[in-house]
Amino acid sequence: MKLAAVKGFRDIQAGEVLARRAVLEASCKVLENYGFEELELPLLERVELFQRTVGDTSDIVEKEMYTFEDRDGSTLALRPEGTASLVRAYLAAGMARSQPEGRFYYRGPMFRRERPQKGRFRQFSQIGAEMLGRSDPAADAEAVTLVADICEAVGLREYSVELNSLGDDACRPAYRKALAAWGEARIDSLCEDCRSRLQRNPLRLLDCKVESCREAMQGAPMMVDSLCDDCERHHGRVKELLTESGVEVTANPRMVRGLDYYCRTAFEVTAAGLGSQDAVGGGGRYDGLAASLGGPDIAGVGFAFGLERMVLAAAGQEPGAPPVDIVVAPLEERALGVVLGLARRLRRAGKRVEVESPSRSLKAQMKRADRSGAACVLLVGEAELEAGKATLRDMVNKADHAQLIELDGDAEQVIKCIGEAVKGGA
Ligand code: HAM
């Protein structure tokens, strides 16, 4: 029997690795321009970290975490997200004092035991960013602006940033009650999941995709209409700042996010071409999170993008493998040592070099060189070894320059010589 990969865990092929790298590099560049520094966080955490922050009633904690009991009896979880870990790390390192307004980003795999489908995996990667110690609306606006700039830099087609406010401890409890009462009155139309969410987490009724639930929730009260004065002011200012700075957002009063730590601002980015899993990223404010971990009362706002979904949404512009600059072709076994030495010098000078095998015929070597897209081939046979000079085949103009390139020349000299011989050079 062939051993298959675990369901929802994928092997990522070379082409996709390149596309992921391009997306990551573009995102990191933008994040660093905004003053964020990267932290690396562990994949394993104590399960309590997520219970206390993401929330006991969230789908993630209730049914999607990979947990196991360690030998010392503690229960560990493969991280399902990065915000809780980042805040834990920030507190543990005493950064609440040393960097009271810290800006951090992180990337890497996350694990959720969801039902796999297009754009949804059990191991997926995120790139996330957190801004700590800022409770002012300008921080929320900056986070949303940063999200839009990352979408642009990555080249997402047709994306949209949706914005909502989820209120805070002053106004959300009353709203939750009102929403639960609305659902209770329509309980017969609700799906199994929504019925069980009614008391535990009624906000999730608003983003259920089941048609009968959507209909039942038509006309339900919305959080944005029930905000207390402070939340109202905060939300108003975030919207104002975004409008004034020219960042387009769409109000979505039904967007509630699936993690419990949010307060006030919440946002989600959706993109075309993703099917039903169309959220490429999401985030919001989480002012109570640090305190729930036993730390000081530190405000925070941040977001995370799903790398797989970003790659899917940016499809059509995948980078190919970096082009080969030079092929070095040893025509004799005897030429191999010299050829390897020459290739090494050229590679160390930054050129992408492919070394052919003397076990292939000249014709086969040239066919492969042609396919590689290299501008030139350096051929080394008996005569070239004798003369100490490689023959240069110009693949662009289809011309040979017999015994032109010094076999023991330094890389710069060789590259210059190739450049002069080949128009549009190596
Ligand atoms: P989240 O919305 O749960 O937020 O996840 C962020 C993104 O991760 C999603 O928009 C999606 O692109 C991707 N993602 C989530 N689950 C999967 C999956 N099973 N397969 C593939 N991609 C997935 C958070 O994780 C928060 N920590 C974001 C945040 C940071 N909020 C504040 N700071």
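This is a predicted model: local features need pLDDT of at least 70, side-chain atom pairs count only at pLDDT 80 or more; totals for chains, interfaces and linings use all residues.
Strands and helices here are DSSP runs numbered from the N terminus (E, at least two residues, for strands; H or I, at least four, for helices), and two strands pair if DSSP finds at least two bridges between them.

Strand 1 runs parallel to strand 5 and is joined to it by two bridges, with E38 partnered by Y105 of strand 5. On to strand 6: nine bridges tie strand 5 to strand 6, and these two run antiparallel. One of the bridge partners to look for is I127 in strand 6, which goes with R107. Seven of the nine residues of strand 5 are buried, so the rest of the structure largely encloses this strand. Buried means under 20% relative accessible area, with exposed over 50% and partly exposed in between (1.4 Å probe, protein chains only).

Elsewhere in this sheet, strand 10 (residues 279-285) and strand 11 (residues 300-306) pair in the antiparallel sense over five bridges, and G281 has F305 of strand 11 as its bridge partner. Axes are lines fitted to C-alpha atoms, for helices over the stretch in contact, and angles run from 0 to 180 degrees between N-to-C directions.

What about the nonpolar interior? In soluble globular proteins, nonpolar side chains tend to be buried together. The largest nonpolar core here has 54 residues, and F50 and L132 have the most contacts inside it. Helix 4 gives the most to this core, with five residues. Apart from it lies another core, of 42 residues, including C28, L156, L163 and L274. A nonpolar core is a set of buried Ala, Val, Leu, Ile, Met, Phe, Trp, Tyr and Cys residues joined through side-chain atoms within 4.5 Å.

Zoom in on F50 for a moment: leaving aside its neighbours within four places in sequence, F50 is in contact (heavy atoms within 4.5 Å) with residues including V61, M65, A77, P80 and A84. Another residue worth a look is S58, in the loop between helix 2 (47-53) and helix 3 (59-64). S58 counts as buried, at 1% relative accessibility. Beyond its neighbours within four places in sequence, S58 is in contact with G258 and D260.

There is also an open sheet of three strands, ordered 2-4-3 and paired antiparallel. Its edge strands are strand 2 (44-46) and strand 3 (67-69), each pairing on one side only, and the twist averages 35 degrees from one strand to the next. Three bridges hold strand 2 to strand 4 (residues 75-78) in the antiparallel sense, and R46 stands opposite L76 in strand 4.

Finally, turn to strand 12 (residues 326-330). Five of its five residues are buried, so strand 12 is largely enclosed by the rest of the structure. Both faces are covered, with I326, V328 and P330 on one side and V327 and A329 on the other. Strand 12 pairs in the parallel sense with strand 13 (residues 353-355) over three bridges, V353 being the bridge partner of I326. The chain gets from strand 12 to strand 13 through helix 13 (residues 336-348), in a right-handed β-α-β crossover. Right-handed means that, with the strands pointing away from the viewer, the path from the first strand over the helix to the second runs clockwise. Strand 12 also runs parallel to strand 14 (residues 376-380), joined by five bridges, and there V328 has L378 as its bridge partner.

Key: Residues are numbered from 1 along each chain as its sequence is written. Side-chain values use heavy atoms; hydrogens and water are left out.
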